[in-house]
Amino acid sequence: MGQVHGLGNSIILVAGTDISLGETVLEAGQMLSPAKIGILAALGINNTIVKNLKVGIISTGNELTEPGNPLSPGMVYDANSYTLSAAIRRLSATPVAYGIVGDEPEKARSLLLKAVSECDIVLTTGSTSAGSDDFMHRLMEEEGQIRMHGLRFKPGKPVIIASVRNIPVIGLPGNPTASLMVFNEIVSLLVRKGLGIAAPARQRMKATLMDDVYSDNRLEYHCVEVIDGCAHSVDKTSASITTLAKADGFIVIEPETTFVKAGNEVEVTFFEN
């Protein structure tokens, strides 16, 4: 094993004190933290094989423009590319932003095919409903196979799950809260699976609901802020990015429940840090 000896104000580590000959210090499939990278350096290893996953992001909509540009009447800034990129990086995957494509199906088709040729997973935002102006489901059906269109889930009903050229393609809603919530609760599992990372256990706690909450016949993840054991509703609309920014977590409302009265005890599931 080796021993630690003192020499004046110095500490001398005898060989084998920290890492023994033949000891396994890192298992394959672990995420590299700063400490683990330090272990590699301490062993004299200056390079190693790491698994990378590229996730493409395509934003659709004539109303979108990049942050920093002048905002014309009827236009909104593209928040989804930035929230999704940050969420992807947090999972140790690599976001590849393909920018904004307007409501032009053929340009969107070209960008989609480019993304599936370069990435392991592709996310699109917007144009996922079944309206006459929504075209992403038609493109995915023409270029691949749609596995599912529409979830009984709030926020985030108009979700498309498809496969194009054997690459998973997820059509997320254009509304920022819905888009990020679906990523956190569904897409992140796919990214983790691709990286071989297990999903962490979620922290939960009982709290007293401080507001009446109305729901509909969908499974709802209703966002709340927790203060001193009390759950305060911060849910606005799926178009409001501030909903998730203020929330600590969510309560689950089952499809058959249309009203949860203030004062009831609820279980809060916290978002990951």
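This is a short walk through a predicted model, stop by stop, with something to select at each one.

Before you start, note that residues are numbered from 1 along each chain as its sequence is written, and that side-chain values use heavy atoms, leaving out hydrogens and water. Because the model is predicted, local features need pLDDT of at least 70 and side-chain atom pairs count only at pLDDT 80 or more, while totals for chains, interfaces and linings use all residues.

**Stop 1: the main core.** Select Val55, Leu123, Phe183 and Val191: these have the most contacts inside the largest nonpolar core, which has 30 residues. Such a core is a set of buried Ala, Val, Leu, Ile, Met, Phe, Trp, Tyr and Cys residues joined through side-chain atoms within 4.5 Å; buried means under 20% relative accessible area, exposed over 50%, and partly exposed in between, with a 1.4 Å probe and protein chains only. Now colour strand S3 (54-60), helix H2 (80-90), strand S7 (121-125), strand S11 (167-172), helix H5 and strand S14 (219-227), the elements that give two or more residues to this core. Helices (H or I, at least four residues) and strands (E, at least two) are DSSP runs, numbered from the N terminus. H5 gives the largest share, 7 residues.

Zoom in on Val55: its contacts (heavy atoms within 4.5 Å) include Ile88, Pro95, Leu123 and Val191. Apart from this core lies another, of 19 residues, among them Tyr98, Val122, Ile167 and Val169.

**Stop 2: Ser179.** Stay on H5 (residues 176-195), where you will find Ser179. Is Ser179 buried or exposed? Ser179 is buried, at 0% relative accessible area. Leaving aside residues up to four places away in sequence, Ser179 touches Asn80, Leu84, Thr125, Leu172 and Pro173.

**Stop 3: the rings.** The whole structure holds 4 aromatic pairs. Rings of Phe, Tyr and Trp (its six-membered ring) pair if their centres lie within 6.5 Å; planes under 30 degrees apart count as stacked, over 60 as edge-to-face and the rest as tilted.

Select Tyr214 and Phe259, a tilted pair at 4.8 Å centre to centre with 40° between the planes. Tyr214 sits in strand S13 (residues 213-214) and Phe259 in strand S17 (residues 259-260), so this pair ties together parts 45 residues apart in sequence. Tyr214 is exposed at 61%, and Phe259 is partly exposed at 35%.

Next, select Phe250 and Phe271, also tilted, at 5.7 Å and 50°. Phe250 is buried at 2%, as is Phe271 at 16%.
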